[in-house]
Amino acid sequence: MNTERRQCLYLDTQIKQKSNNLDFMKFLAAWLVIVHHSFDLNVSKGEWIKVITGQQLDFGTMAVSLFFLASGIFIAKSIERNQSAGKFFRARFRRVWPPLAAVVVLSVIMGAFVTTLPLGQYFTNSMTWRYLLNAVFVLQHNLPGVFENNVFGSAVNGALWTLPVEVLCYVGCYVIYRLGLLKKKRILGVMALYLVCALIGFRICSMLGIVILSAAFRPIYFFLLGHVLYVYRDRVPVDWRLFVLSLAGMAVCFALSWSTAAVWIFYPYVLLYPAFMARQCGSRLAFGGRFSYTIYLCAFPIQQLLIHLFGGQMNVYLHMGLALVIATAVGVVLHYTTEK
């Protein structure tokens with residue numbers, strides 16, 4: 001048994017060192033969000049993974065789940081290092097807020113160039129100033145007279161919905177830590193309680209038609225699961241056989257139309273294994289991971305702007321190609337001027 005354990009790779013060993021694979025996966029995830037939105041914003045049902053899974057999975061879900069799972073693991077690691085509330089929340093603030101504030105302000109400026117309203121009315125409209133509330137994690141989707149003729153709708157930056165969820169997860173992480181629950185067995189109790197609350201909450205949201213709130217349950221689950229994986233890191237094997245079984249489990253679940261089981265039970269390990277496997281990619285491939293957050297923040301308004309400039313709707317693949325190039329370039333600039 002001990003010999004077998006020594007031969008097996010475990011998560012605790014892997015998270016002590018930098019994961020180039022995870023950085024590369026984050027970069028790909030930011031691109032997957034752009035791909036997903038290229039189909040959505042042009043009201044196309046041809047998104048590849050949706051077609052393969054019978055409309056049960058999309059690239060946005062895949063990407064956001066990765067972001068929150070990785071965040072759950074490393075934020076749990078961080079809270080043990082930065083034990084005071086001040087240090088912990090300052091670190092999170094420096095990471096999240098400057099690029100967000102920049103994107104929100106730049107979106108308002110961009111809106112001034114494309115709005116159908118006279119500039120005076122645009123800047124005196126209360127909706128314009130309410131949009132700045134996005135910088136303090138209060139969602140406001142529209143600017144007056146902006147993107148009104150786009151086929152998808154006039155939302156300026158629909159991707160921002162994950163930011164309040166992320167901040168809520170940070171607060172929850174600190175509370176869990178201060179209550180002494182970031183420990184073996186106790187964290188499982190937290191997860192069990194959350195699953196019960198999520199199930200009840202999802203039913204209530206479904207009955208009331210609150211789509212955005214119900215969408216938050218999955219990323220919070222992945223964040224909490226990251227905590228569980230971190231706490232039990234010495235017992236979590238990084239094994240290709242489990243990876244293959246997880247892929248098979250997803251395939252079976254999708255075939256049976258059990259999409260929730262596929263994503264909540266099997267997909268986490270499909271993300272975990274390639275991120276922390278022994279064989280890691282080179283640093284050049286991993287380099288793009290540092291820009292994943294800023295690319296994610298700026299992509300949606302850039303994609304909506306492209307559609308606006310092309311008259312309200314575009315060829316999906318032309319839109320996708322232009323958006324990938326422009327959003328990546330803008331994301332790099334944002335990283336070095338704000339986040340870094």
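In helix α5, the residues Thr61, Met62, Ser65, Leu66, Leu69, Ile73 and Phe74 meet Val263, Tyr267, Pro268, Leu271, Leu272 and Phe276 of helix α14, where contact means heavy atoms within 4.5 Å. By class, this contact of α5 with α14 has 11 nonpolar, 2 polar and no charged residues, with Ala, Val, Leu, Ile, Met, Phe, Trp, Tyr, Cys and Pro counted as nonpolar, Asp, Glu, Lys and Arg as charged, and the others, Gly among them, as polar. The model is a predicted one, in which local features need pLDDT of at least 70 and side-chain atom pairs count only at pLDDT 80 or more, whereas totals for chains, interfaces and linings use all residues. Residues are numbered from 1 along each chain as its sequence is written, and side-chain values use heavy atoms, with hydrogens and water left out.

Helix α14 spans residues 259-276, and its axis lies 10 Å from that of α5 at an angle of about 70 degrees; the two helices are therefore roughly perpendicular to each other (65 to 115 degrees; angles under 35 count as roughly parallel, over 145 as roughly antiparallel and the rest as oblique). Helix α5 (residues 59-81) also packs against helix α12 (residues 217-231), at an angle of about 40 degrees and with the axes 7 Å apart, and this pair is therefore oblique. The contact of α5 with α12 has 12 nonpolar, 6 polar and 3 charged residues.

Aromatic pairs, of which the structure holds 20, are defined by ring centres within 6.5 Å for Phe, Tyr and Trp (its six-membered ring), with planes under 30 degrees apart counted as stacked, over 60 as edge-to-face and the rest as tilted. Tyr122 and Phe123 form an edge-to-face pair, with 5.0 Å from centre to centre and 80 degrees between the planes. Tyr122, at 0% relative accessibility, counts as buried, whereas Phe123 is partly exposed at 35% (buried means under 20% relative accessible area, exposed over 50% and partly exposed in between, with a 1.4 Å probe and protein chains only).

The rings of Phe152 and Phe300 are likewise edge-to-face, with their centres 6.4 Å apart and their planes at 75 degrees. This pair links distant parts of the chain, since Phe152 lies in the loop between α8 (126-130) and α9 (162-178) and Phe300 in helix α16 (residues 292-309), 148 residues apart. Phe152 is partly exposed, with a relative accessible area of 38%, while Phe300, at 4%, counts as buried.

Note on methods: Axes are lines fitted to C-alpha atoms, for helices over the stretch in contact, and angles run from 0 to 180 degrees between N-to-C directions. Helices (H or I, at least four residues) and strands (E, at least two) are DSSP runs, numbered from the N terminus.
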